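Hello,

Here is the structure I promised to pass on. Please open it alongside this note; my findings follow below.

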Amino acid sequence: MTTPRATQRVPAKPAAGYPTIRGWGMYVPERVMTNHELEKLIDTSDEWITARTGIKERRIAGPDDTTSSMAIEASRRALERAELMPEDIDLVIVGTATPDFLFPATACLVQDALGISGGAFDLEAGCTSFMYALSVASAMVQSSMRNVLVVGSEVLSRILDWSDRSTCVLFGDGAGAVVVSEGEHARFAPQYLLGSDGSGGPALCVPAGGSRMPASEETVRQRMHFVKMAGPEVFRFATRVVADASRQVLARAELSVADIDLFIPHQANTRIIDSAVRRLGVPTDRVFINIDRYGNTSSASIPIAMCEADEQGRLHPGDTVVMVGFGAGLTWGAGAVQWAAHLLPERKPELVASAVGS
Ligand SMILES: CC(C)(COP(=O)(O)OP(=O)(O)OC[C@H]1O[C@@H](n2cnc3c(N)ncnc32)[C@H](O)[C@@H]1OP(=O)(O)O)[C@@H](O)C(=O)NCCC(=O)NCCS
């Protein structure tokens, strides 16, 4: 008896268009923690935090908020915006440094909760996770997939040492998600630039809880499960890579700084952003900053910034957007994309109301 030949065919992908961001959504916990509140917990001041970082307040996860629950809510909103159903999604990638578990992957929890039938995996590149995940999604859409859900979600408040004033004032919790799909009207192919320098790993890490240093009474006593950071070292690294990576990704896209409609840097410190923006020469009115209200939400910072930029009418279909992230690894990643290219040229009125006449 001969074995029947498989009848299942791999569906052919429709004619090529460049990948684009088709939907976006965010979720942040309700609880706001101000700098004044931190003054009561540790030896710090609103003046110091504001002057050195630009942060005024951050969101802190409540008892029911987890990395997956926030990712799920942000993803629901992104799917709604993209006008897609869960069955349209071929892959879920969650970028996070604070997964619900070591395994299973947080992406699998998101996939299950939303009823998605595609693949799912987590991607960990510190605060650069979202940029890494976005570049992978873009490549998958360009090669074989229809729609990829990309999430950045973090509950950093649970791995911060709340007695260490040099780190705990910097971070916050939240999630952002986007759907990457084929954009029929894109002018240029999105470009990504990823980098890493593992020799800088010790400058920003959580030493214990992995397989090298499993949890023990000793690791807990020594507070080794919390974020450890050499702040000034990371600061110097960040100011260098943000401008360099942005320039390199623009060159790949055959664009110049003057072509940038909106620059969305990872929101880690306004002084890092200011310095990079000066080096790059991008006008300050084209730079998006919301760190004052959220602090550094790691892999969630860029998708949250995207959502707020859109809400504020600062993003219009067809705009050239440059994003750049950096973080633990050390890692960095930049992207040059055309915003919501799928909406061109028959621009959707509700999305471009603020752009009319511009
Ligand atoms: C952390 C950071 C804000 C510190 O700012 P800085 O200007 O470099 O400050 P320093 O670390 O040199 O510390 C200066 C002084 O402020 C003190 N200080 C640190 N945190 C403080 C706080 N929250 N409140 C008050 N004083 C503080 C230090 O103890 C030090 O005091 P000393 O001079 O008496 O020793 C800055 O280094 C930074 O932003 N680094 C990058 C961090 C980052 O973005 N990480 C995430 C990357 S994804």
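In what order do the four strands of the open sheet stand? The order is S8-S13-S12-S11, with mixed pairing. Bear in mind that this is a predicted model.

The sheet

S8 (191-196) and S11 (262-265) are the edge strands. Each has a single partner strand, so one side of each has no neighbour in the sheet. On average, neighbouring strands here are turned by 10 degrees against each other, direction ignored.

Look next at S11 and S12 (residues 320-327). These two run parallel and are joined by four bridges.

Now turn to H3 (residues 67-82) and H4 (residues 106-114). They pack at an angle of about 50 degrees, and their axes are 9 Å apart. That angle makes H3 oblique to H4. Their crossing is right-handed.

Which residues meet there? H3 contributes Thr67, Ser68, Ala71, Ile72, Ser75, Arg76 and Leu79. H4 brings Thr106, Leu109, Val110, Ala113 and Leu114. By class, the residues of this H3 and H4 contact are seven nonpolar, four polar and one charged. Arg76 is the charged one.

Best regards

Conventions:
Residues numbered from 1 in each chain as written. Predicted model: local features only at pLDDT ≥ 70, side-chain atom pairs only at ≥ 80, totals over all residues. Heavy atoms only, no water. Pairing = 2+ DSSP bridges. Axes fitted to C-alpha atoms, helices over the stretch in contact; angles between N-to-C directions. Parallel < 35°, antiparallel > 145°, perpendicular 65-115°, else oblique. Left-handed = near helix turned anticlockwise from the far one by under 90°. Contact = heavy atoms within 4.5 Å.
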